[in-house]
Amino acid sequence: MKHSSRRTAFAALGAVALAAFAGASFSASAEPFTIPPPKTDAAATAMTSGEPKSIVLAGGCFWGVQGVYQHTKGVIQAVSGYAGGSADSARYDTVSTGSTGHAESVKITYDPKQISLGKILQIYFSVVHDPTQLNRQGPDSGTQYRSAIFTSQPEEQKIAKDYIAELDAAKVYKKPIVTRIEPMNGFYQAENYHQDYLTLHPYQPYIAFNDIPKVDNLKKLFAADYRDKPVLVRDTKATN
């Protein structure tokens, strides 16, 4: 089933029907756990430049990914969009076909003096998504929902690659991590109605079942990095 169809189906669910999904295998409310931080990291305390940095992450539907990082301290902006394909196919209706090379992604701009890339990735692998699921997350399937880290600097690539190797070697998960490390060849901001979706529609069944638990897990496992008031696209000037 296409993502848009699943979203429509979840939006139409009533409370009783939604409760029936609670035991489904793709539940986002499974008991979370903290994973070890990366050994290789650009530590926030070691940064001398105040210039913001950015990383693009894909981990299923961008609504939940964006929502988690909008509640993360040190994040200046989190914008939903598309990465991995060309500019002419960076539209939701086209990306949803799974044939464009794009992944639903989020561009995270952060202050390296407040949060490190390593911490961002620790949150990504802990609460944002399941990095062992190939081309799917929760109820959504297709290459557009793949787990991927888009890097533009050798340092970013090394941190991400080393971290995946560390987690696999420690057998943190029961299955190998399938997260891809891809070159950042362009990020294309998604349509306005996708921005700040979790905040604007917290009771929409898809969000309530799949994504709100992720924000709750951020607060539970990363209390020191959690902020109650999210930084929203509508309150900032979004740039690509």
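Select Val65, Val68 and Tyr69 in helix α3, together with Ile120, Ile123, Tyr124, Val127 and Val128 in helix α5: these two groups meet, where contact means heavy atoms within 4.5 Å. By class, this contact of α3 with α5 has 8 nonpolar, no polar and no charged residues. Here Ala, Val, Leu, Ile, Met, Phe, Trp, Tyr, Cys and Pro count as nonpolar, Asp, Glu, Lys and Arg as charged, and the others, Gly among them, as polar.

The model is predicted: local features need pLDDT of at least 70 and side-chain atom pairs count only at pLDDT 80 or more, while totals for chains, interfaces and linings use all residues. Residues are numbered from 1 along each chain as its sequence is written, and side-chain values use heavy atoms, with hydrogens and water left out.

Next, display the whole of α3 (residues 62–70) and α5 (residues 117–128), whose axes come within 11 Å and cross at roughly 130 degrees. Helices (H or I, at least four residues) and strands (E, at least two) are DSSP runs, numbered from the N terminus. Axes are lines fitted to C-alpha atoms, for helices over the stretch in contact, and angles run from 0 to 180 degrees between N-to-C directions. The two helices are therefore oblique to each other; angles under 35 degrees count as roughly parallel, over 145 as roughly antiparallel, 65 to 115 as roughly perpendicular and the rest as oblique. α3 passes α5 in a right-handed crossing, that is, with the near helix turned clockwise from the far one by less than a right angle.

Select Ile123, Val127 and Val128 in α5, which meet Lys214, Asn217, Leu218 and Leu221 in α8. By class, this contact has 5 nonpolar, 1 polar and 1 charged residues.

Now show α3 with α8. Their axes are 9 Å apart and the helices pack at an angle of about 30 degrees, which makes α3 roughly parallel to α8. This crossing too is right-handed. Trp63, Gly64, Gly67 and Val68 of α3 make the contact with Tyr206, Ile207, Asp211, Lys214, Val215 and Leu218 of α8. The classes are 6 nonpolar, 2 polar and 2 charged residues.

Finally, turn to the lining of the second largest pocket. Strands and helices that each supply at least two of its residues are β1 (53–59), β3 (103–110), β6 (147–151) and α6 (154–169). The largest share, 4 residues, comes from β1. By class, the lining has 12 nonpolar, 5 polar and 4 charged residues.
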